[in-house]
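Student: I want to learn how to read helix packing and sheets from a model. Where do we start?

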Amino acid sequence: MSETISTPHRIRSFHPRRGRVSPQREADFQDLWPAFGVQVEERSTDPAAIFGRRAPLVVEIGSGMGEATAIMAAADPERDYLAVEVHYAGIAHLLGLIGSAGLGNVRVARGDAITLLTRMLEPGSVDAIHIFFPDPWPKARHHKRRLIRPENVAVLRAALRVGGTLHCATDWPEYAEVMLEVLTADPGLVNTTQGYAQRPDRRPVTKFEQRGIDAGRPIADLVFQRV
């Protein structure tokens, strides 16, 4: 999955692509983006104005095709879900899921997640951040492009309220080890368990994750809390 767009002062962490979009999903985007879409910009935004209510906010970075977002939001109506994605196909697909399921507590932000967290949302305003199966950038020369690295983790932690959670998952063992090391080293985060966490029931197994399981790759969940 993708996660962030670079700024002039930040290393890119994804390759943008449009992907194939069916006529139905193209129609979903055109019809639903005005009501459920949020363009990431360098301006402050009140989530209550986006969702029409004030509720705990979950930010999902790199929502992919949006299946996990839609399932979790449907099961968690008391919280609002803001999915951040850069790829058009994934955005259009999630908008279709929002429309078909009638999900009033989901919005889709298009653009840079780091800009969203540092420019649009107030520090300490997010109840939870989800980062499920970000690009592992497996080649050593590309490790600097990974989303979970100290400077980005500091941004994620600052966005969370005290007691808020950062939940990551990956099917790449080496990246899991790096995630655990980087998150453990952050002075404002504490692991909610010893080492890796069991997959919470609330996190559904997506098609992407199932492909990793079928390929024999272990799945690692990491759940940290801001202190």
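Tutor: Start with angle classes: under 35 degrees is roughly parallel, over 145 roughly antiparallel, 65 to 115 roughly perpendicular, and the rest oblique. Axes are lines fitted to C-alpha atoms, for helices over the stretch in contact, with angles from 0 to 180 degrees between N-to-C directions. Helices (H or I, at least four residues) and strands (E, at least two) are DSSP runs, numbered from the N terminus. The model is predicted, so local features need pLDDT of at least 70 and side-chain atom pairs pLDDT 80 or more, while totals for chains, interfaces and linings use all residues. Residues count from 1 along each chain as its sequence is written, and side-chain values use heavy atoms, without hydrogens or water.

Student: At what angle do the axes of α5 and α6 cross?

Tutor: At roughly 45°, coming within 10 Å. Helix α6 covers residues 150–159. The two helices are therefore oblique to each other. Their crossing is left-handed. That label means the near helix is turned anticlockwise from the far one by less than a right angle; clockwise is right-handed.

Student: Which residues of α5 and α6 make the contact?

Tutor: Contact means heavy atoms within 4.5 Å. From α5 come Ile 114, Leu 117 and Thr 118; from α6, Asn 152, Val 155, Leu 156 and Ala 159. By class, five are nonpolar, two polar and none charged. Here Ala, Val, Leu, Ile, Met, Phe, Trp, Tyr, Cys and Pro are nonpolar, Asp, Glu, Lys and Arg charged, and the others, Gly among them, polar.

Student: How do α3 and α4 cross?

Tutor: Helix α4 spans residues 88–101, and its axis comes within 9 Å of that of α3, at roughly 25°. That makes the pair roughly parallel. Their crossing is right-handed. Glu 67, Thr 69 and Ala 70 of α3 meet His 93, Leu 94 and Leu 97 of α4. Three of these residues are nonpolar, two polar and one charged.

Student: At what angle do α1 and α4 pack?

Tutor: About 75°, with axes 8 Å apart. They are therefore roughly perpendicular. The α1 side includes Phe 29, Leu 32, Trp 33 and Phe 36; the α4 side includes Tyr 88, Ile 91, Leu 95 and Ile 98. The contact has ten nonpolar, four polar and three charged residues.

Student: How many aromatic pairs does the structure hold?

Tutor: Three. Rings of Phe, Tyr and Trp (its six-membered ring) pair if their centres lie within 6.5 Å; planes under 30 degrees apart are stacked, over 60 edge-to-face, the rest tilted. Phe 29 and Tyr 88 have ring centres 4.6 Å apart and planes at 45°, so this pair is tilted. Phe 29 lies in α1 (residues 23–36) and Tyr 88 in α4, so the pair ties together parts 59 residues apart in sequence.

Student: What order do the strands of the sheet have?

Tutor: Strands pair if DSSP finds at least two bridges between them. This open sheet of eight strands runs β1-β4-β3-β2-β5-β6-β8-β7, with mixed pairing. The twist averages 25° from one strand to the next. Parallel strands β3 (residues 80–85) and β4 (residues 106–110) share five bridges. Val 84 has Ala 109 of β4 as its bridge partner.

Student: Which strands does α3 lie across?

Tutor: Helix α3 (residues 67–74) lies across β2, β3, β4 and β5, at about 175° to β3. Helix α5 (residues 113–120) lies across β1, β2, β3 and β5, at about 150° to β2.
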